[in-house]
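Okay everyone, thanks for coming.

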Amino acid sequence: MFDLHVHAAPDVTDRRADDIDTALGYEAAGYTGCVLKAHYESTVGRAHLAGRDLRTRVFGGIALNRHTGGVNPAAVAAALLSGGRVVWMPTADAHTQETEGLPRLCDVAPRLPRHTYAIPPADPTAEAAVGQICALVAEADAVLATGHLSTDEVAWLLPVAKAAGVRRLLLTHPSYTVPAMPARQAAQLCADGAYAEITAYQLLHQPDATPAMLAAFAREVGLDRIVLSSDTGQPDSPAAPEAIELLVDALAGEGLDRARLRACASDIPESLVVPRIS
Ligand SMILES: [Zn+2]
């Protein structure tokens, strides 16, 4: 099994476990790998240390929020040249997050002005920076994840990324509150090589996410284009391996094939993230 989305301490909010204990949890559960994600810090160095003595491979990346000045190619270059494997477009400081009233850095640091980030078509001035970021991700053969961008921004980004040579594309939990992308649109965007993530966090915490809704979404996109991840780390969520089992069980309970669901939480995310041996 391979979890490409987990949050660990230290963070600007409470987390269930730190990097090392989180990684040890995967090791104990026999996971081949995981990706540490933080909204407000590169996890590249953290992942290296947490995974150094383990069989489980621990990867890191960078999310483009307030701490990077948003959509910042220099921050992406530094993270990728240090071995980062995933670049997330703005997440907690995306404009969608403000619109939906979801937590942002300025909520825990109220001295900060309430600035948000967007890409075209919402913010046409970001086009050149996004182009540079796509070129950097392509060069590193890393994963470009859509973060909490709106559906319109994701639809703009994917062809731009592909034209720049990005081969690993992930729609970050498209059926979550942000971006709340219709399944049909996710299916269209994934038909040409991208993957769509469904998280255990959605099952555990998203108000309108029932097992039936998540299963219908997975069915429409097609299980060969779905990644199941935990997105856990919240103090009130179970440990990641347990959360992923709950997600697999919930979707299998809706009639989806259990072996294929397990591939969505193992081979598919692993081949998406792990670099090819050259
Ligand atoms: Zn997350």
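Let's start with a question: which residues does G60 touch, if we don't count residues up to four places away in sequence? Keep that in mind while you look, and remember that what's on screen is a predicted model.

Here's the list: G60 touches V35, L36, T43, V44, A47, G84, R85 and V86. And where does G60 sit? It's found in the loop between β3 and β4, with β4 covering 61-63. Buried or exposed, then? G60 is buried, with a relative accessible area of 4%; the cut-off for buried is under 20%. One more thing on G60: from L24, G60 is 36 residues away in sequence, and the C-alpha to C-alpha distance between the two is 16 Å.

β1, β2 and β3 make an open sheet, lined up in the order β1-β2-β3, and the pairing is parallel. β1, residues 2-6, and β3, residues 57-59, stand at the edges with a single partner strand each, so each has one side left without a neighbour in the sheet. From one strand to the next, the twist averages 15°.

Zooming in on one pair: β2, which is residues 33-36, is joined to β3 by three bridges, and the two run parallel. If you want a place to look, find G33, whose bridge partner in β3 is R57. Then there's helix α2, residues 44-51, lying across β2 and β3 and running at about 170° to β3.

Okay, over to another part of the chain.

If you follow the path from β7 through helix α8, residues 183-190, and on to β8, you've traced a right-handed β-α-β unit. Strand β9, residues 226-229, also pairs with β8 in the parallel sense, over four bridges. There, the bridge partner of E197 is V227 in β9.

Note on methods:
Residues numbered from 1 in each chain as written. Predicted model: local features only at pLDDT ≥ 70, side-chain atom pairs only at ≥ 80, totals over all residues. Heavy atoms only, no water. Pairing = 2+ DSSP bridges. Axes fitted to C-alpha atoms, helices over the stretch in contact; angles between N-to-C directions. Contact = heavy atoms within 4.5 Å. Right-handed = clockwise from strand over helix to strand, strands pointing away. Buried < 20%, exposed > 50% of the residue type's maximum accessible area, 1.4 Å probe, protein only.
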